[in-house]
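Visitor: I have a model open and would like to go through it. Can we start with the metal sites?

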Amino acid sequence: MTATTAFLVHVALHTPSHSGVGDLLSYTCERPLPPGTLVRVPLGKREVLGVVWDADQATGELPEGASMRAIAGVLEGVDPLDAAWRRLVAFAARYYQRALGEVATAALPPQLRDLRPEQLARRLRRPGKPSAESSEFAIQNIALSAEQESARARISAESGPFLLFGSTGSGKTEVYLRCVQEALEAESDGACPTQALVMVPEINLTPQLEERFTQRFAGRFGAGAVVSLHSGMTNPQRLKSWLAAHNGTARIVLGTRMAVFASMPGLKLIVVDEEHDPSYKQQEGARYSARDLAIWRGREQGAKVILGSATPSLESWHASRPSTPEDPEGGRYVRLHMPSRIGAGALARVRRVDMNQQPRRAVFSAPLLQAITERVARGEQSMVLLNRRGYAPVLHCVDCGWKSDCPHCSAHQVFHKTDRTLRCHHCGFTVRVPPHCPTCGSPDIHAMGRGTEQLEEQLAALLRNVQRPDGNPARVARIDADTTKAKGSLEAQLAQVHTGEVDVLVGTQMIAKGHDFRRITLVAAVQPDGALFSSDFRAPERLFALLMQAAGRAGRDAAYVAAQGTESEMWVQTYHPQHAVYEALRRHDYEAFAAQQLQERRDAAMPPFAYQALVRADARTQEVAQGFLSAATAAAHAAALPGLDVVTLFPPVPLTVQRVANVERAQMLMESSSRAALQRFLAAWQPVLQATRSQPEHRGLVRWLVDVDPQTI
Ligand code: ADP
Ligand code: ZN
Ligand code: ZN
């Protein structure tokens, strides 16, 4: 063999074995390829997608007999991913303790992984959309309120990041639209026109938003200027949107958390709407927070960042604290406040029903039922929230005490009456409802507790004789994950609510978010207490945000409310009416709630006053899972790993739902007052965890993973 002249490239790709963080594989190629080039490379017997991460400057003279493999092809027609994108991916991989190649490939649309270069070339040759050249078309803007204008002006003048703290219906979206417009009209400093990224928590909110943005901007910036990116799209659609963002045809990307990784070379503005929403945290693979990455990306790429919410996360609230004499620095974010609602009626009056005073086992207290009845009779709509789907959380035998436990999980199987099944919501295991108790044969088996199915059924029965103004009987409908499985069914059901066919809408938190129902004047949470006593310290924060958001669904149309002569109400049925969460809700006082919660967090040295990470271990037995974590902890101490002096490692414990699909789960918490120290420690611990895993006594370990800044404990 003679020496060959070739160029060397170091490629990020997803290797199935979870090999260390940050490693690249080297390949040869015939011509120099700039970093960011998408390539296909051989890996074992397969061919996979990779991103050129580094390239050697000079021509490499391969030694004789070198066995390095050549790349299989270049994805021609797709410009290399720019340095800003690569830095974002590298940061995310490092921070969330995952392999670079895994994060890089997961950040790309799935079809790029599957298409061969020729197929992609064909895809790229298809006639594109009309050019995104700006036209003279004037954008129709509505006059901003004083609060909106003041927020807009400060976002325009300052560099941020901004926390837009605005009540539901205060017109935050209108502020986003104006800021997006300003960003898009700005002179571009590169080859790519300026771009904006707008993120929302739920897929089902993107169509509404897309319509609003398209209406505003398509005339001016072209029909293809607004694209979506979320997991509800088909792979070809996602690829199309991604390419449009990457090459600058798309000026605005609307998406869910995954959109934070969109390649947008002209990015000038990032909006994170409902920034407190837990769905911004990815729950598998690299467990990134799209909100936190948005802040990082904005700073790196020189884009402004706006986080918006009526109930900000306590992290963002704390980060936006104003400076005081004791705290002259203040927070890193600029807080902008919009307390007034626009075009909407007054905030819903909060009514607490003390369930201690109600007949035992009453689902609907008499006053709540009365209030709903009156609204139906007046033609108004109500919304009833219960965060548990199915008919009942468990079936139970009166004679022997049998319960419908899932055989594979430490959880009950939920009773679904519609199709008479028992379903495990953790592993999916489903059986038909048994006619008799499987243990003692007794026919006396009963549903315990209630879910949305039961609520819908009971409410329909209770409102049986109630008529709407048009003489028709009251109509109750339900929206939750079970009724919306089929594609398009959610849209269809929402449409029924909008057109007024439905009088009472029953559902899970899915219905509390973002929807702009015009005729809802009553919202009720029938059983919200569970979250008050959760072991998760964020549960009260979540509950408060959910109830505030739900309350915001009522009375959104001031003119309607006035014409009806009605008052919009938020009802809460509770055994703890004096609880701080409900007190703050009653006064719509997020600030008081946040102050109280932050005080507790400060006293207990919890986030945002400390930083946390979890390591979770899944194994055949709980002993193996915990044994692995204990051994890795001992090894960390033995090696006196960096950062350990300021990082506290807590002992391993089983997860709340300890067993899922026959796998035992344990986790351990790490906490530090220093984010940097925690990061240093995690980086140093990673190889120790790997090494511990390969020891024979931990053979029963199925997997382990790290969750940095976990959102659920
Ligand atoms: P948020 O996102 O804060 O909940 P939206 O931006 O959706 O609020 O605004 C609530 C409603 O008020 C929408 O129907 C919107 O069209 C309307 N709106 C917003 N700003 C104005 C304004 N300046 N003048 C009139 N109506 C407005
Ligand atoms: Zn029995
Ligand atoms: Zn199960």
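Guide: What follows covers the metal sites, the cysteines and a pair of helices. This is a predicted model, where local features need pLDDT of at least 70 and side-chain atom pairs count only at pLDDT 80 or more, while totals for chains, interfaces and linings use all residues. Residues are numbered from 1 along each chain as its sequence is written, chains are lettered from A and ligands numbered from 1 in the order in which they are written, and side-chain values use heavy atoms, with hydrogens and water left out.

Visitor: Which residues are the protein donors of the zinc ion (ligand 3)?

Guide: C406, C409, C424 and C427, each through its SG atom, at 2.2 to 2.3 Å. Donors are N, O and S atoms within 2.8 Å of the metal (3.2 Å for Na, K and Ca); water is not among the atoms, so sites may look incomplete.

Visitor: How are those donor residues spaced in sequence?

Guide: The pattern for ligand 3 is C-x2-C-x14-C-x2-C. C406 lies in the loop between β16 (394-397) and β17 (414-416), and C424, 18 residues apart from it, in the loop between β18 (421-423) and β19 (430-432). Strands (E, at least two residues) and helices (H or I, at least four) are DSSP runs, numbered from the N terminus.

Visitor: Are C406 and C424 buried or exposed?

Guide: Both are buried. Buried means under 20% relative accessible area, exposed over 50%, and partly exposed in between (1.4 Å probe, protein chains only).

Visitor: And why does C427 count as partly exposed?

Guide: Because its relative accessibility is 28%.

Visitor: Now the zinc ion (ligand 2). What coordinates it?

Guide: The SG atoms of C397, C400, C437 and C440 do, at 2.2 to 2.4 Å. C397 is in strand β16 and C440 in the loop between β19 and β20 (445-448), 43 residues apart.

Visitor: Different topic. How many disulfides are there?

Guide: The count is 0, a disulfide being a pair of cysteine sulfur atoms within 2.5 Å.

Visitor: Last one: at what angle do α5 and α6 pack?

Guide: Helix α5 (residues 146-157) and helix α6 (residues 172-185) pack at about 35°, with their axes 10 Å apart. Axes are lines fitted to C-alpha atoms, for helices over the stretch in contact, and angles run from 0 to 180 degrees between N-to-C directions.
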